[in-house]
Amino acid sequence: MINGNDFEFDLSPRDVAILKARVKYPEKPASKLRDILEEEFDISLSHNRVNEILNEMRDEDVFSMRAIPNQNIFEYYIFQVAFHYSNFDENWERCYKRLLDDPHVMFFASADDYHEWQFIAQFASPEQSEAWRHDFVREYGDFIAQIDKTAFPTVHKFETAAAVFNDLLRDMGGEEYLGDGEQETGEHEETDRVSVNQ
């Protein structure tokens, strides 16, 4: 059982190893993934069973396969929002839903900070990001005490690495599913891009 924020995932170390293999080899069909699981993790399953397990995990929102555009298409910004608490009760839900539904917002989280809401948004140009912020403040100005924006002019890394699952496997007692050399050193593997739910 894995507890992540408000969610519980009923995953075994074997399931995490299968997820790790899917993240490491996102383009491989189930038949090839079955061979990789046998060679790298000593997991013997039919390709149909591998497919079933991955579909079950996808259905349970453990991960999702989404198209991820090249990070150079857009420009990225982090926004940090602080509240006027006197206007919180009547405004927070509408503003919260607006951010969840906004197509520019790709990551939205609460923080233990003066800026309690922080989110990363993507825009085609700096002018679009500034126009968006202007419209957002105009709509929710009574609710927002402060909104800070920082541009990320260059994105150097934009991915979930398969090796991130090694710590989880160690915590679960699944060391037998670590690759060669990872048990002693914790070395990172070659990475590929895939969207994994938080």
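Author: From the N terminus on, the elements run β-β-α-α-α-β-α-β-β-α-β-α-α. That comes to seven helices and six strands. The model is a predicted one. The protein has 198 residues, and buried residues make up 35% of them. Take the contacts between residues at least 6 apart in sequence: 68% of these join residues at least 24 apart.

Strand 5 covers residues 117-123. Five bridges join strand 5 to strand 4, and the two run antiparallel. They form a hairpin, with six residues between them. Seven bridges join strand 5 to strand 3, again with the two running antiparallel.

Individual positions show how strand 5 is held. Ala121 is the bridge partner of Val105. Ala121 is also the bridge partner of Tyr77. Elsewhere in strand 5, Ile120 stands opposite Phe107. In a regular strand the side chains alternate between the two faces of the sheet.

Strand 5 is mostly covered. Of its seven residues, six are buried. Look at Gln122, which is found in strand 5. Its relative accessible area is 16%, and buried means under 20%, so Gln122 counts as buried. What does Gln122 touch, leaving aside its neighbours within four places in sequence? The contacts are Phe74, Glu75, Tyr76, Pro103, His104 and Met106.

Asn91, Cys95 and Leu99 are buried in helix 4. Seen down the helix axis, the buried residues fall within an arc of 65°, so they line one face. These buried residues pack against strand 4, strand 5 and helix 5. On the other side of helix 4, Asp89, Glu90, Glu93 and Asp101 are exposed.

Last, the aromatic contacts. Rings pair if their centres lie within 6.5 Å. By this rule the count comes to 23 aromatic pairs. One of them joins Phe83 and Phe143. Their ring centres are 4.9 Å apart and their planes stand at 15°. Planes under 30 degrees apart count as stacked, so this pair is stacked. Phe83 lies in strand 3 (residues 75-83). Phe143 lies in the loop between helix 5 (126-140) and strand 6 (144-152). The pair therefore ties together parts that are 60 residues apart in sequence. Both partners are buried: Phe83 has a relative accessible area of 6%, and Phe143 has one of 0%.

Phe143 has another aromatic partner, Phe88. Here the ring centres are 5.8 Å apart and the planes stand at 45°, so the pair is tilted. Phe88 lies in helix 4 (residues 88-101), while Phe143 sits in the loop between helix 5 and strand 6. This pair therefore ties together parts that are 55 residues apart in sequence.

To put the pieces together: strand 5 pairs with strand 4 through five bridges and with strand 3 through seven. Phe143, in the loop between helix 5 and strand 6, pairs with Phe83 of strand 3 and with Phe88 of helix 4.

Conventions:
Residues numbered from 1 in each chain as written. Predicted model: local features only at pLDDT ≥ 70, side-chain atom pairs only at ≥ 80, totals over all residues. Heavy atoms only, no water. Phe/Tyr/Trp six-rings, centres within 6.5 Å; stacked < 30°, edge-to-face > 60°. Helix = DSSP H or I, 4+ residues; strand = E, 2+ residues; numbered from the N terminus. Buried < 20%, exposed > 50% of the residue type's maximum accessible area, 1.4 Å probe, protein only. Pairing = 2+ DSSP bridges. Contact = heavy atoms within 4.5 Å. Arc of directions from axis to C-beta.
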